[in-house]
Amino acid sequence: MADAGMLRFHVPEPEVRPGGTPDFSNVPIPKAGSVPRPEIDVDPRSIRDMAFSIIRVLNRNGEAVGPWAGLLSSDELLEGLRHMMTLRTFDARMQMAQRQGKTSFYMQHLGEEAVSCAFRKALAPGDMNFPTYRQAGLLIADGYPMVTMMNQIYSNEADPLKGRQLPIMYSSKEHGFFSISGNLATQYIQAVGWAMASAISNDSRIAAAWIGDGSTAESDFHSALVFASTYKAPVILNVVNNQWAISTFQGIARGGSGTFAARGLGFGIPSLRVDGNDYLAVHAVAKWAATRARSNLGPTLVEYVTYRAGAHSSSDDPSAYRPKTESDAWPLGDPVVRLKNHLIKLGVWSDERHAQAEAEILDTVIAAQKEAESHGTLHAGGKPSTREMFEGVFAEMPPHLRRQRQQAGV
Amino acid sequence: MPRRTMIEAIRDAMDVSMERDDKVVVFGEDVGFFGGVFRCTQGLQAKYGKSRCFDAPISESGIVGSAIGMAAYGLKPCVEIQFADYMYPAYDQLTQEAARLRYRSNGDFTCPIVVRMPTGGGIFGGQTHSQSPEALFTHVSGLKTVVPSNPHDAKGLLIAAIEDPDPVIFLEPKRLYNGPFDGHHDRPVTPWSKHELGEVADGHYTVPLGKAAIRRAGAAVTVLAYGTMVYVAQAAAAETGIDAEIIDLRTLLPLDLDTIVASVEKTGRCVIVHEATLTSGFGAELSALVQENCFYHLEAPVARVAGWDTPYPHAQEWDYFPGPARVGRALIETLEA
């Protein structure tokens with residue numbers, strides 16, 4: 001055998017760094033309407049290629065085309081547009097509130113609004129999402145009050161979580177939104193457990209697990225796929241691939257697997273890849289996966305191909321690790337603009353009505369913000385009582401905590 | 001009253017709980033068809049079906065993580081980690097998720113799970129079949145930690161743990177599964193059928209969490225122990241002739257501080273015994289509490305007898321395990337101090 005020489009260590013790198021010209025020419029984008037829509041009881045082995053393609057509905061002309069089109073009425077699409085615009089406006093105001101020192105921290109959804117907003121509308125009441133910190137569209141699209149979200153962000157006297165949680169770590173059982181944890185990927189296997197419980201209980205409700213591209217490298221991603229596969233749990237395993245995990249490009253987590261959807265194939269889980277900036281495609285795929293789960297056909301893995309257009313968080317500056325204009329070059333565009341153009345094409349929307357809606361939504365968000373701020377912000381006004389700090393550790397406060405509460409003088 | 005081994009008592013606790021509440025589910029590695037590597041779940045799958053008692057993939061974080069999701073749904077999972085030594089992959093789920101869920105969601109979601117783990121040494125288990133990781137749980141706010149020492153308590157405490165609204169770590173000293181063990185490895189072990197605490201009532205009863213039991217009343221020195229060390233302490237007291245008051249803590253958190261303080265105020269001396277390594281072990285917390293609460297009654301330094309600060313060895317089992325001779329020496333030294 002020939003001498004192979006010294007081993008060389010491989011570390012993947014993104015193609016472009018700050019100062020370079022953004023280039024996504026190597027990202028294959030299939031034509032809208034070109035990916036077939038299989039039956040929900042399809043043999044996973046027969047649709048393996050779908051893990052390497054991208055399901056798209058909206059074409060460049062703003063038309064809905066192909067087998068995944070036609071599920072939503074124009075009224076439903078108008079409502080979806082409003083949800084995405086509301087989330088974007090909400091983000092902008094809260095990002096500004098963070099800069100003004102009214103809260104300590106915020107994370108935006110810029111460019112990813114379609115994923116959570118459209119997904120929510122594919123679920124039924126009683127279903128449970130296990131979200132990450134970047135799916136607030138699930139709450140917006142389900143009608144969760146913006147004032148309550150802001151109260152949580154401000155940790156004020158009306159904060160439903162009593163000031164115990166970092167901003168944006170919402171929780172609402174009523175709205176099918178599981179308590180957010182700072183620890184990445186933990187919720188992925190919990191979602192599978194919730195779905196197993198629903199099956200054990202002969203219920204009809206399903207669960208949705210959420211994770212980002214970077215966090216798929218966590219071991220809980222793996223355990224979730226094993227458990228979902230083994231017990232055929234009624235769960236939708238969502239992977240939001242926004243290309244970035246803080247400063248780390250998706251190739252570090254993905255390695256040589258080609259796509260994140262491909263990860264599901266080794267577990268025998270049907271795995272789809274979808275245009276995450278296409279409201280109609282996200283909704284159609286979510287509906288397909290939800291119907292599968294509810295029909296006792298087991299889990300589906302869905303990779304949403306999107307782009308994190310904003311900073312990772314209010315503590316992050318992306319210009320330190322990627323070109324400033326990279327999001328403009330993203331070939332799947334902006335989810336709001338794309339749905340807007342589709343609705344204009346349908347003749348139910350116009351640039352004027354869009355501008356008017358933007359103004360109305362801004363007024364609504366500002367009004368909510370005023371109301372929330374009347375209950376206090378992080379460093380001013382009403383705040384949760386110090387007694388609350390000791391409550392809820394256990395159902396009943398044990399003696400040692402009662403002693404500590406006395407020592408704290410509350 | 002029927003006599004049962006600790007294994008049978010634990011199995012009975014799950015049987016009674018599953019019978020009373022169809023929300024109780026039991027799963028873990030080899031727990032289903034086979035009935036567990038220690039036989040603790042034998043017959044449960046046959047009796048309650050595969051939806052209630054089932055085998056899990058070899059993934060501790062998967063077992064605990066899925067149990068948390070089930071609890072959030074409304075079930076009451078009682079899961080098994082095959083050995084406490086293998087809980088570490090689940091530590092993130094236990095400490096950051098199970099323990100914090102009620103607090104961080106302000107009660108929107110809760111986590112009534114029980115995680116059973118065989119613990120402790122004295123069985124030539126070597127490094128990864130002998131550990132006592134209780135201090136890694138007592139340090140975590142939001143977890144309750146229980147260590148039974150006999151069949152009667154094991155059943156009552158496990159039923160109480162399953163019925164508890166919060167996550168409970170249930171550490172089962174595997175050295176005590178078939179009979180009490182006082183550290184005299186050169187003598188034959190007597191089975192639970194010969195021991196009064198092997199009497200386990202049929203049906204439902206609970207032993208409340210957070211309440212210690214005085215195993216031997218005494219006036220000279222208080223011994224704080226749990227699990228296997230309760231019998232080691234009893235042997236040490238008998239062999240030294242020292243009138244020790246031996247307290248079996250049963251629950252480490254919440255801790256029964258009142259019983260501890262009342263005893264130390266009476267005896268004026270305290271020896272703490274555990275198998276786990278010394279430094280930052282649970283004994284340090286006990287020692288601090290005794291010193292803070294009983295300072296003016298203490299007539300000697302609080303002593304600790306524990307496993308050495310080394311990984312648990314194989315060949316040196318009986319040099320590592322805190323046996324009656326070491327505990328006896330600590331009793332004598334504390335009385336002479």
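Over the face of which residue does Arg164(A) lie? That residue is Tyr103(B), with Arg164(A) at 4.6 Å from the ring centre. A charge counts as over a ring if NZ of Lys or CZ of Arg is within 6 Å of the ring centre and within 35 degrees of the ring normal. Within chain A, Arg37(A) lies over the face of Trp68(A), at 5.3 Å from the ring centre.

A word on conventions. This is a predicted model, in which local features need pLDDT of at least 70 and side-chain atom pairs count only at pLDDT 80 or more, while totals for chains, interfaces and linings use all residues. Residues are numbered from 1 along each chain as its sequence is written, chains are lettered from A and ligands numbered from 1 in the order in which they are written, and side-chain values use heavy atoms, with hydrogens and water left out.

Now the aromatic pairs. Over all chains there are 27 of them, a pair being rings of Phe, Tyr or Trp (its six-membered ring) with centres within 6.5 Å; planes under 30 degrees apart are stacked, over 60 edge-to-face, and the rest tilted. Phe295(B) and Tyr296(B) have ring centres 5.2 Å apart and planes at 90°, so this pair is edge-to-face. Phe295(B) is partly exposed at 48% relative accessibility, and Tyr296(B) is exposed at 79%; buried means under 20% relative accessible area, exposed over 50%, and partly exposed in between (1.4 Å probe, protein chains only).

Trp318(B) and Phe321(B) are also edge-to-face, at 5.5 Å centre to centre and 75° between the planes. Here Trp318(B) is partly exposed at 23%, whereas Phe321(B) is buried at 2%.

One aromatic cluster takes in both chains: Phe227(A), Tyr231(A), Phe27(B) and Phe54(B). Ser66(B) sits in helix H3 (residues 60-73) of chain B, helices being DSSP runs of H or I, at least four residues, and strands runs of E, at least two, numbered from the N terminus. The relative accessible area of Ser66(B) is 0%, so this residue is buried.

Last, the lining of the largest pocket. By class, this lining has 17 nonpolar, 9 polar and 4 charged residues. Nonpolar covers Ala, Val, Leu, Ile, Met, Phe, Trp, Tyr, Cys and Pro, charged covers Asp, Glu, Lys and Arg, and the others, Gly among them, are polar.
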